[in-house]
Amino acid sequence: MTRFATFATLYMTALILELAEKWRFPLFTGALVLLVALVLAFGLTRRTFAIVLAFSTAQTLLVQFPDVANHVNVETYCSVVLLVAIAYSLFPMRRQWTDDDCFEMVRPVLQASLILVYALAGFDKLNTDFLDPQLSCVADLVGDLGGVVKGTTFGASNGLVFAAAVGAVVAALLSSRGRSRPIGLAVRAAAFVVVVAAAALAMRFAPSASSAAMAFVILGMAVIVILWELVGGLLLLLPRAQAPVLAFCWMMHTTLSLIGFVDFEALALSLLFTFLPAEYLDPMTRRLRLPVLGRSIPRAHVYFAISVLAGVSSGLHRRLVAAVLFNAAVLVLSWPMLRALMAPAPRPRWRGVGLSSRLTPTWLYAVPVVLLLHGLTSYSGLRTAGNFSMFRNLRTEGPSSNHLLLSGNPLKRWSYQEDVVRFTAIDDGAAAIGYNYQPLAGQALPVVEFRKLIYAWGSAGRVVPMAFEYRGEPHTTADIARDPVWRTTARSWEMRLMDFRVIQPGGPNRCRW
């Protein structure tokens with residue numbers, strides 16, 4: 001199992017888990033699982049990986065795009081980058097290149113891409129509403145996480161079960177130090193008790209959702225999230241700083257997985273994998289012996305198999321089960337690395353991984369610029385959804401923004417966000433359509449997005465009566481899809497490339513997808 005094959009397995013698993021979140025395309029999702037399983041069984045190479053990438057990316061671009069989540073756009077970008085890198089590595093003049101050479105060539109670009117995603121996400125959060133404890137998306141995430149932790153499974157508190165699992169992992173790691181410098185049973189038991197007791201105390205004295213103390217907690221967490229993404233993301237540029245930043249990144253992603261973000265966590269894991277130095281990466285590529293079967297298989301294959309079960313659980317709306325299964329899969333994969341980190345001195349030295357390689361052509365470093373421009377589209381007056389602005393409280397519509405540094409919208413060059421219709425009456429039940437439909441009654445929507453909906457309603461045979469205002473003029477229609485003025489029978493290039501969220505009717509910008 002090469003480094004390339006291990007990374008490719010992680011990445012293909014992320015593609016599957018995104019589709020398995022809701023199983024909107026069950027036949028395609030099942031076909032992708034089968035294709036990946038066959039590739040793993042008969043040989044994962046650059047060529048077979050390219051087949052999976054092309055199959056998955058074509059479906060996203062032809063069926064889903066542009067109305068997809070942030071991380072799906074990142075996946076599409078990464079898939080295209082990987083396809084280009086594989087094609088470049090297969091040129092006749094590079095006949096001697098191995099799959100691992102291809103991985104080393106594209107690794108710096110993937111690293112730079114993840115740093116950009118983190119930094120842009122943190123930059124978007126520098127706005128007044130994200131830092132308002134009453135409005136911040138952090139409050140929603142904390143509420144969701146609190147609901148999970150306070151819940152019960154088979155009569156046991158989820159929070160204590162999670163703490164016991166963490167304590168057991170810590171004790172197991174302490175047990176794995178070997179015979180040369182073993183740690184006694186009492187110390188391991190004490191470590192387990194400390195973890196569980198700390199969790200019990202935290203749950204016992206956690207402030208209530210309505211208390212003033214909770215407002216300070218939310219504000220503090222909002223600041224921590226910004227520092228994590230914006231500052232921590234940039235610190236990944238420094239090889240020496242990568243170890244603590246990677247540990248904190250994965251702690252945050254593990255936490256987010258508990259409230260339904262397993263698909264994004266799988267993508268983050270595959271990209272964080274590119275920052276592991278060889279001394280810690282190579283043990284993860286080795287085989288794992290399965291006592292029951294009496295044979296050994298690559299750890300990445302075990303990770304894939306458990307993750308597929310997580311995807312099935314997610315499709316059955318068992319998101320907590322999906323998160324537990326996925327994190328168990330990550331633990332199986334990363335166990336050799338964790339053991340190496342816990343080993344007594346001399347342990348493998350962490351040198352980090354720089355964002356350069358002698359194998360990477362200079363022009364490939366320019367590719368992340370595309371990702372940067374995509375992340376800045378809200379500020380330029382283009383799309384406001386699917387560009388790292390999800391759960392950010394960011395508002396750029398109108399002459400001013402709620403951003404702390406760009407309040408005057410100095411980067412805005414296009415007016416799509418201001419060319420809007422305002423809905424005065426609409427049956428949201430009849431209008432509901434699409435991947436992540438948001439109610440329209442009493443809100444506004446850019447005309448480009450409105451025409452996308454009209455096209456979708458017409459294609460689906462919907463009858464959607466409504467009343468709305470456009471450029472100061474009221475309009476009422478019994479069926480917008482067949483209205484002689486607004487009827488839309490084809491998609492323009494703007495409709496094919498851009499995605500806008502609804503615009504709230506004044507006031508602060510509350511948390512939205």
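Student: What is the phi of Gly 294 in the hairpin of E3 and E4, and how many residues lie between the strands?
Tutor: In this predicted model, the hairpin of E3 and E4 has 4 residues between its strands, and Gly 294 takes a positive phi near 70° there.

Student: What makes E3 and E4 a pair of strands, and in which sense do they run?
Tutor: Two strands pair if at least two bridges are found between them. Strand E3 (residues 287-290) and strand E4 (residues 295-298) are joined by 4 bridges and run antiparallel, so they meet that condition. Within this pairing, Arg 287 stands opposite Pro 298 in E4.

Student: Which strands make up the open sheet, and in what order?
Tutor: The open sheet has 4 strands in the order E6-E5-E7-E8, with antiparallel pairing.

Student: Why are E6 and E8 called edge strands?
Tutor: Strand E6 (444-446) and strand E8 (473-477) each pair on one side only, and they are the edge strands of the sheet. Neighbouring strands of this sheet are turned against each other by 30° on average, direction ignored.

Student: How do you know that E5 and E7 are paired?
Tutor: The condition is at least two bridges, and strand E5 (residues 420-426) and strand E7 (residues 466-470) share 5 bridges in the antiparallel sense, so they count as paired. One of the residues involved is Phe 423, whose bridge partner in E7 is Phe 468. Helix H18 (residues 447-459) packs on the sheet and touches E5, E6 and E7, while its direction makes about 90° with that of E6.

Student: Why are Tyr 11 and Phe 49 called buried?
Tutor: Buried means under 20% relative accessible area. Tyr 11 has a relative accessible area of 0%, so it is buried, and Phe 49 is counted as buried because its relative accessibility is also 0%.

Student: What makes the pair of Phe 450 and Trp 486 tilted?
Tutor: Planes under 30 degrees apart count as stacked and those over 60 as edge-to-face, with the rest tilted. Phe 450 and Trp 486 have 55° between the planes, at 5.3 Å centre to centre, so the pair is tilted. Phe 450 lies in helix H18 and Trp 486 in the loop between E8 and helix H19 (493-497), 36 residues apart, and both residues are buried.

Student: Which residues have the most contacts inside the largest nonpolar core?
Tutor: They are Tyr 11, Phe 49, Tyr 303 and Phe 326, in a core of 100 residues. A second, separate core has 20 residues, including Ile 426, Val 447, Met 466 and Phe 468.

Student: How do you know that the length of H3 agrees with its number of residues?
Tutor: At 1.5 Å a residue, the 19 residues of H3 should span 27 Å, and its end C-alpha atoms are 26 Å apart, so the two values agree. The buried residues of H3, among them Phe 49, Leu 53 and Gln 59, pack against H1, helix H2 (26-42), helix H4 (70-89) and helix H5 (99-124).

Student: Is His 317 buried or exposed?
Tutor: Exposed means over 50%, and His 317 has 66% relative accessibility, so it counts as exposed. His 317 is placed in the loop between helix H13 (299-315) and helix H14 (319-342), and its phi is near 65°, a positive value in a residue other than glycine.

Student: And is Asn 409 buried or exposed?
Tutor: With 8% relative accessibility, Asn 409 falls under the 20% limit, so it counts as buried. Asn 409 lies in the loop between helix H16 (377-380) and E5, and its phi is positive, near 50°.

Notes:
Residues numbered from 1 in each chain as written. Predicted model: local features only at pLDDT ≥ 70, side-chain atom pairs only at ≥ 80, totals over all residues. Heavy atoms only, no water. Core = buried A, V, L, I, M, F, W, Y, C linked by side-chain atoms within 4.5 Å. Buried < 20%, exposed > 50% of the residue type's maximum accessible area, 1.4 Å probe, protein only. Helix = DSSP H or I, 4+ residues; strand = E, 2+ residues; numbered from the N terminus. Axes fitted to C-alpha atoms, helices over the stretch in contact; angles between N-to-C directions. Contact = heavy atoms within 4.5 Å. Phe/Tyr/Trp six-rings, centres within 6.5 Å; stacked < 30°, edge-to-face > 60°. Expected span 1.5 Å × (residues − 1).
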